[in-house]
Amino acid sequence: MERGRILLKENERVDDLQRNGYRIIQNKDKFCFGMDAVLLSGFAQVKPGEQVIDLGTGTGIIPILLEAKYEGEHYTGLEIQKEMAEMASRSVALNGLQEKISIVEGDLRNAGERLGLSRFDVVTSNPPYMNHAHGLKNPDLPKAIARHEVLCTLEDVVREAARLLRPGGRFYMVHRPHRLIEIITALTSHKLEPKRIKMVHPYIGREANMVLLEAVRGGRPMIKVEAPVVVYKEPGVYTEEIYDIYGY
């Protein structure tokens, strides 16, 4: 099926992003973006003229949302899965953003050598959360690759973020709170100093199920713990902060 000049493949759909009229192609049998990607795009900051790269971009949601919100010079999305990278490229074309966003197929484990050391001002990543300690039934499925450390580890993501960033550049990541000590250890070992941290709670009174972090390459030690985000005020109803992030 074809809408405009963009070909949709089997099981694909086009979703409205509620930002600048932008839309995105998704496949329910592969992997659809979630709240974590939206929260990361709301937490990350891009200054005018900056170069940005998203590691493990999947559908391309984070570069597209950041381009809608900020005046960065250029956004790159790196994705190892060929079909996902191709689908993300079609979403970029669907929105006429080929001059602002590039989707690159490749392995983030050698991103520095391939894309340029100390080249970027901002690196973002919504990496796989689950490591070897969590059950994995089928490591070949796209959803499993997106959620489990099959093709990359936390260490890989942090190491390459540090290599890609210019001195003073910023790294933004969303992850799970139960791995926070491991995350901070990995960041500091690669001279990425944690500067901001924000917990995400599904409801008031529930424990956090996501954490947003900002780290600066070569930054001085000092961290700001920001007010937490609460996603739902009641089942099926977002809080005002979430509606603001979504752009409603």
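Which charged end sits over the ring of F43? It is that of R196, 3.9 Å from the ring centre; a charge sits over a ring when NZ of Lys or CZ of Arg is within 6 Å of the ring centre and within 35 degrees of the ring normal.

Before going further, a word on the model. This is a predicted model, in which local features need pLDDT of at least 70, side-chain atom pairs count only at pLDDT 80 or more, and totals for chains, interfaces and linings use all residues. Residues are numbered from 1 along each chain as its sequence is written, and side-chain values use heavy atoms, with hydrogens and water left out.

**Aromatic rings**

Searching the whole structure gives four aromatic pairs. Rings of Phe, Tyr and Trp (its six-membered ring) pair if their centres lie within 6.5 Å, and planes under 30 degrees apart count as stacked, over 60 as edge-to-face and the rest as tilted. Two of the pairs are set out here.

| Pair | Centre to centre | Angle between planes | Type |
|---|---|---|---|
| F43 and Y172 | 6.0 Å | 85 degrees | edge-to-face |
| Y232 and Y238 | 5.2 Å | 25 degrees | stacked |

F43 belongs to helix α1 (residues 35–43) and Y172 to strand β9 (residues 165–175), so this pair links distant parts of the chain, 129 residues apart. Helices (H or I, at least four residues) and strands (E, at least two) are DSSP runs, numbered from the N terminus. Both F43 and Y172 are buried, where buried means under 20% relative accessible area, exposed over 50% and partly exposed in between (1.4 Å probe, protein chains only).

A pocket is an open set of points on a 1 Å grid over the protein atoms alone, where a 1.4 Å probe fits, with protein on both sides within 12 Å along at least five of seven lines; lining residues have an atom within 4 Å of a point. Of its 19 lining residues, L17, F33, V38, I61 and Y246 are the closest to the centre. The lining divides into nine nonpolar, five polar and five charged residues. Here Ala, Val, Leu, Ile, Met, Phe, Trp, Tyr, Cys and Pro count as nonpolar, Asp, Glu, Lys and Arg as charged, and the others, Gly among them, as polar.

Helix α2 (residues 61–69) also supplies at least two lining residues. Eight of the nine residues of α2 are buried, including I61, P63 and E67.

**Enclosed elements**

Strand β5 (residues 51–55) is largely enclosed by the rest of the structure, because five of its five residues are buried. Q51, I53 and L55 cover one side, with V52 and D54 on the other. Strand β5 runs parallel to β6 (residues 74–79), joined by five bridges, and I53 has T76 as its bridge partner. Two strands pair if DSSP finds at least two bridges between them.

Helix α6 (residues 154–164) is largely enclosed too, with eight of its eleven residues buried. Among them are L154, D156 and E160.
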